[in-house]
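Please read the following explanation with the sequence and the model side by side. It goes through the structure part by part.

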Amino acid sequence: MRVLTGIQSTGVPHLGNLFGAILPAISMSRSGANDAFLFIADLHSFTAVRDPQLRKENTYAVAAAWLACGLDVERVTFYRQSDVPEVTELTWYLQCMTPCPMLENAHSYKDALAKGTVPNAGVFNYPVLMAADILLYDTNVVPVGKDQKQHLEITRDIASAFNRAYGEDTFVMPEARIDAELMTIPGTDGRKMSKSYNNTINVFLPEKELKKQVMGIVTDSKALEEPKDPSTDNVFQLFKLVASPDAVRGMEANYLAGGYGYGHAKKELLEVLMARFSSERRAFQELMADRGRLDDQLAIGAEKARRVARQTLARVRERAGYGRNG
Ligand code: ADP
Ligand code: TRP
């Protein structure tokens, strides 16, 4: 079964990305039951990011984070979307099978309109490029968040229209897998951790910056000597996620007893984060300092992905009446 998902190239992944996406995907890929395709959606980023240097840096940072967490490029097909240009040709064919009203209805496009800016055509066509990402690789299952559900419906609609016109076996019909079970990691202010709320903890940052994020976690204003409620405190919630059960019980007891301040708790949290992710942090720094190695790892995936992409595209071209006869 082929499982495929795209990762936005929006910078250094935070704890929410780690626990919500990266670590579960890596453990799934280790089970060996699935043929996993994972790619960095750097073509999609062009709808919003103009700066070439920033795009490059973000893409490398995402790649380095996944590799530092143990992604094995021999087991998984891990690639940069833009390294497989076949996807843009397929996007064209799919666009011509897509009714404009379907795209006018897409949440991403409507949100852009609602902001009062004039969206570019890339924003309008975003779901078609995403459909091409999926259909190009004969994907069976696409694990995504709830916010991507509509994009999967659009993908299936486009695939059905194409299959009706050119043969039911042209595209594999993909299924979304929306994992409602996955936990939501709270940010430093207690809301969902998200770049857009500026409440993230990034374990790949240098210690000084990581410390600043940890020290910035919002707490109530109870004095040091007062007992504290672990169930409502953000520092404790994050500590629970990363510390050993013994350490968690210890901190809980300290909270309830009083005489233990949030400053102490933050210091413990920082120590655990540094220890728990020490090898990943080191690997991340090494990879970011060696772009050649990152490129080599991504090239392995690009080669594997292109082999599949070329076959699908040849099938589509032939059915749609492109190329030489025989
Ligand atoms: P952000 O909200 O910071 O922009 P993204 O939307 O780029 O994050 O997230 C990429 C993936 O990381 C999501 O599909 C989701 O699986 C996971 N993720 C992000 N934030 C969290 C969180 N706070 N808790 C759990 N998973 C998260
Ligand atoms: N649009 C997805 C997101 O915002 C990223 C993405 C691009 C994707 N292409 C995909 C996800 C194909 C799954 C399959 O998160």
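Predicted model: local features only at pLDDT ≥ 70, side-chain atom pairs only at ≥ 80, totals over all residues.

Residues are numbered from 1 along each chain as its sequence is written, chains are lettered from A and ligands numbered from 1 in the order in which they are written, and side-chain values use heavy atoms, with hydrogens and water left out.

The chain is assigned domain 1 (2-185 + 291-320) and domain 2 (205-276); such bounds come from an automatic or database domain assignment. Taken over C-alpha atoms, the centres of the two domains are 37 Å apart. Contact between them involves 4 residues of domain 1 and 5 residues of domain 2, where contact means heavy atoms within 4.5 Å.

A residue is counted here if one of its heavy atoms lies within 4 Å of the ligand. Oxygen atoms of ligand 1 lie 3.1 Å from a polar side-chain atom of Asn 17 and 2.8 Å from a polar side-chain atom of Ser 194. On its own ligand 1 has 530 Å² of accessible area, and the protein covers 74% of it; areas come from the Shrake-Rupley method with a 1.4 Å probe, and for residues only the protein chains shown count as cover.

Around ligand 2 there are 14 residues, the closest being Gln 8, Tyr 126, Met 130, Asp 133 and Gln 148. At least two shell residues come from each of β1 (2-8), β2 (35-41), α6 (121-135) and β4 (141-144). These helices (H or I, at least four residues) and strands (E, at least two) are DSSP runs, numbered from the N terminus. The shell consists of 8 nonpolar, 5 polar and 1 charged residues. The side chain of Gln 8 has an N or O atom 2.8 Å from an oxygen atom of ligand 2. Nitrogen atoms of the ligand are 2.8 Å from an N or O atom in the side chain of Tyr 126 and 2.8 Å from a polar side-chain atom of Asp 133. Taken alone, ligand 2 exposes 360 Å², of which the protein buries 93%.

Arg 80 lies in strand β3 (residues 77-80). Its relative accessible area is 16%, so Arg 80 is buried (under 20%; exposed is over 50% and partly exposed in between, with a 1.4 Å probe and protein chains only). Not counting residues up to four places away in sequence, Arg 80 touches Ile 40, Asp 42, Thr 59, Tyr 60, Asp 295 and Leu 298. The side chains of Arg 80 and Asp 295 are joined by a polar contact of 3.4 Å. A polar contact is a pair of N or O atoms within 3.5 Å; within protein, one must be able to donate a hydrogen and the other to accept it, and residues adjacent in sequence count only if both atoms are side-chain atoms.

Asp 138, in the loop between α6 and β4, is not a glycine but has a positive phi of about 50°. Asp 138 is partly exposed, at 22% relative accessibility. Asn 198 also has a positive phi, near 55°, and is found in the loop between β5 (175-178) and α8 (207-215). Asn 198 is exposed, with 71% relative accessibility.

Notes: Nonpolar A, V, L, I, M, F, W, Y, C, P; charged D, E, K, R; others polar.
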